[in-house]
Amino acid sequence: MASINEQPIPAARPVIGEEEIEAAVRVLRTGRVVQGPEVAAFEEEFSKVVEGRHCVAVNSGTSALHLLLMAMGIGPGDEVIVPSFSFAASANAVRLVGADVVFVDVEASSFNIDPAAVEAAITPRTAAIMPVHIYGNPAAMDKIMAIADKHKLAVVEDACQAHAAALNGTPVGAFGTGGTFSFYPTKNMHSLEGGMISTADAEIARTLRLLRNQGMEQRYANEIVGANMRMTDVNAAIGRVQLGKLGGWTEKRIANAAYLSEHIKAENVVTPIVAEGARHIYHQYTIRVKGDRDAAMARLTEAGIGNAVYYPTPIHRLKPYWEPDQKAGRNWDLPETEKAAAEVVSLPVHPSLSESDLERIVTAVNALGENL
């Protein structure tokens, strides 16, 4: 049990400091608050995170996925291969454009999409592969890109949890046809709410700019059917401040994760496994609990250690997917996905943690070796 003098350690702690507040107020005072110079500057600055690719800011990470698929021309009759171990938005974006989701299993070590499962799932209708860099851990993009090139498929990177993650020196969001990022408050950086799309294709980038703004580049000169998925300048100004802090925060997350992995010794706990050449940026520090996970979480909570499960129900078992797939006779065999969903627990790793916080987390997790 936590000491009466010890405050609970939250699983996540969004940062909204004076600089973010001042940036928002500065923009509000200009009166120019939607799709203005702050958005353009944010796009230009974020492009440095993805090797200079075109960047298009939108109002959420989900919108980023949705619009990217639209801009690529993916729709009815197409299939997109998606890992079921992810947040529902990954699959929702595919459904929103009218394409079919083909769920595949994940690797036991990384929780990321399994390249072998991807290749086995390809059909004549396959249009794209959607690797999700889950928890900030880069997927095996070298293998995924080789498969995509072999079969002439698009690759849509869901990097919504993986700002500045990389594999063999290449940042996520700079591998595929396009990449998407989320700036929701709990992400490694945020803009209160928002998203970003990266692509090397100038034509896709222009289409994205049209789609987010009612299909027009010039006012009232609508070229295509679009929507209102713009980012505000207030959001962009906050995002620019956060982007300037991302490097330091990322190094702190990596250092915190290294401390936890070095000191957690409980036999029934498996700490994160990072592949050679991968830069895991620890949006979440996720362990596996071999035993009664509910009991483990209750004990961590009693000790004042915030914890959460991402994600307790695989997407293919959620009602909007499970019921139609059952009616259609589709039964997904995803044993590693099911196992991960039953075992994972995410612990605090955010940059606000102190040395004493880390010590408390380790002590509480190591105590899980008893009576689980």
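**Largest pocket and overall fold**

Author: α3 supplies the largest share of the lining of the largest pocket, three residues. This is a predicted model, where local features need pLDDT of at least 70 and side-chain atom pairs pLDDT 80 or more, while totals for chains, interfaces and linings use all residues. Residues are numbered from 1 along each chain as its sequence is written, and side-chain values use heavy atoms, without hydrogens and water.

Reader: What makes this a pocket, and what is its volume?

Author: On a 1 Å grid over the protein atoms alone, a pocket is an open set of points with protein on both sides within 12 Å along at least five of seven lines. The largest pocket has a volume of about 390 Å³, meaning the space filled by 1.4 Å probe spheres set on the points. Its lining has 22 residues, each with an atom within 4 Å of a point. Closest to the centre are Phe-87, Cys-160, Gln-161, Ser-182 and Lys-187.

Reader: Which helices each supply at least two lining residues?

Author: α3 (61-71) and α4 (89-96) do. Helices are DSSP runs of H or I, at least four residues, and strands are E runs of at least two. The protein has 12 helices and 13 strands.

Reader: Why does the radius of gyration agree with a compact globule?

Author: The rule, over C-alpha atoms, is 2.2 Å times the number of residues to the power 0.38. For 372 residues that puts a compact globule near 21 Å; the protein has 21 Å, so the two agree.

Reader: How much of the protein counts as buried?

Author: 55% of the 372 residues, buried being under 20% relative accessible area with a 1.4 Å probe, protein chains only.

Notes
Buried means under 20% relative accessible area, exposed over 50%, partly exposed in between (1.4 Å probe, protein chains only).
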